[in-house]
Structure formats: structure tokens, C-alpha cells
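Reader: I would like to learn how to read pockets and salt bridges in a model. Can you take me through them?

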Amino acid sequence: MSAAPPDNDVLWARGIVKSHHGTPALRGVSIGVRDGEVLAVTGPRGSGKSTLLGCLSALLPVDDGEVWFNSSPVHTLTRAGRERLRRDRFGFVGSEPHLVPELTARENVALPLLLSGAGHKAAYGSATEWLERLDVADCAALRPGELIQSQRQRIAVARALAPLPPVVFADDPTAPLHREAQDQVLRILITAVRSHQLTLVLATHEPELARFADRTVALVDGRLATPVAPVPRGVSPVSAGR
């Protein structure tokens, strides 16, 4: 019988194994993410970072092992159950924005709010606010095909944050941006999750971006390469680095 995950872990995984077309991507990874924590997962390309985020976020079913969210098992959910969990409880932004091409920027950001039952006025008001915070308010009425890549990526970040999901997964979210914009967008993302007491799991192959996190773990060849050691509560790498 499985042991219950720790009470202060919003996400908890034990011994997760995942392969893609017979090629191992995760080889028995165990990890916990505390409620309200900013966790950075680093490692070179191909180390398993995206697969780990996919398994933790219910995007990918695990081949073996356990994944829990708020003490509820994710690894036993059906495909429809995983889709509901992602829609209702998780936000996700990847290195590609994957916006709906037929919708404007404002409509793309408002979409998850409307799907969750928010009223039209509230959804579009929140969408406008987040577009302003990501410095793309002037793109609100434009469709993705009319925007450059960096604008589309900011809109994708706004879409992930607008519903204020308990957990946000960010898989190399600043990859399409130049260095100055990377820091700006990541600071907005970190500030938003901290001010709203959300949890953020950030995957990046650039170790310098991990300085924004409370804690960093590294993946190499599908295995954790560093101990999962938390920093003391109350110590913020963001404020400490200013």
C-alpha cells in the first residue's frame, strides 16, 4: 500500500518512469513540490525536464510510479480526468505559445476563464489586465498570425496566469525571447505567483534563470542529479539578488 504524500507538498511524485517510443526519458524520479514554492528544474536538452513537467501536470500518463496533487492520485486518472485537472487546476506555458489562431490575443487569454465558468465581463477584464502586465496590451485585438514570436509568448504567459491556477508549469517559457526580455518576463511570472501564493514549476536549460527560484534540482539522463534540499523559508533568491 502506498504511503500518503507529505501534507505540505502540493505535488508529489515517487519512482516515476516514462519512455517515448521505447527510449527512456525518466528513470525512477521522486520529487516533492511544496505549496507556494518556486521550483526550478535544470539540465541539458534531452535530460527529461519536459517529460517530468508533463507527468507532474497530468499531460502525460506515467509508465510506472505515482503522481499526487493535493493528496489525490493523478496516476490513476483516466484521460478525461487528467484533462479536467489541467483545465481546472493547472496553468501551463511552454517554449512555443500554442495560441488559438482564430482568436485575438484578448480572446486567447480570456478563453480558460470562460471555460471555467467566468462571466464575459470578468474574463475579458482579467485578460486585459494581464496583457497590460506583460506589456502586450496593444496586441489585444490582433490575432497570433499578426504578431511576432516574442509577443505571442508573452500572451501565452498571460493566458497561463489569468485564471490564477494553484500550480503553474513553465517549460522553458522564455526561450523565444532575447536576454533582456527573458529577465523581464520571468520576473513578472515570479512576482505574479508569489503575490497570489501560487506554486511554480519552472524547467530551463539555462542555469542562470534558476536564480529566481526558491530551490533548484537538476536532471541528467532522466535521473535527479542533485539532492532535493529546500532553502530556508523566508529567504527569497529574487530579493537577495537585488
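Author: We start with the model itself, then turn to pockets and salt bridges. This is a predicted model: local features need pLDDT of at least 70, side-chain atom pairs count only at pLDDT 80 or more, and totals for chains, interfaces and linings use all residues. Residues are numbered from 1 along each chain as its sequence is written, and side-chain values use heavy atoms, with hydrogens and water left out.

Reader: What volume does the largest pocket have?

Author: A pocket is an open set of points on a 1 Å grid over the protein atoms alone, where a 1.4 Å probe fits, with protein on both sides within 12 Å along at least five of seven lines; lining residues have an atom within 4 Å of a point. Volume is the space filled by probe spheres set on the points, which are joined across faces, edges and corners. Here the largest pocket has about 580 Å³.

Reader: Which residues lie nearest its centre?

Author: R86, F90, F92, P112 and R159, out of 22 lining residues. Helix 2 (79-89), strand 6 (90-93), helix 3 (105-115) and helix 5 (149-161) each give two or more residues to this lining. Helices (H or I, at least four residues) and strands (E, at least two) are DSSP runs, numbered from the N terminus. Strand 6 gives the largest share, four residues.

Reader: Which residues line the second largest pocket?

Author: Among them are G46, S47, G48, K49, S50 and T51, along with D171, D172 and H205. Its volume is about 160 Å³. Helix 1 (residues 49-56) supplies the largest share of the lining, three residues.

Reader: How many salt bridges are there?

Author: A salt bridge is a side-chain nitrogen of Lys or Arg within 4 Å of a carboxyl oxygen of Asp or Glu. The whole structure has nine. One of them joins R215 to E37, with the closest N and O atoms 2.6 Å apart. R215 lies in strand 9 (residues 215-220) and E37 in the loop between strand 2 (23-34) and strand 3 (38-42), so the pair ties together parts 178 residues apart in sequence. R34, E37 and R215 are linked in a network of salt bridges.

Reader: Is R215 buried or exposed?

Author: Buried means under 20% relative accessible area, exposed over 50%, partly exposed in between (1.4 Å probe, protein chains only). R215 is buried at 4%. E37 is buried too, at 0%.

Reader: Where do R79 and E83 lie?

Author: In helix 2, four residues apart, about one helical turn. R79 is exposed at 63%, while E83 is partly exposed at 39%.
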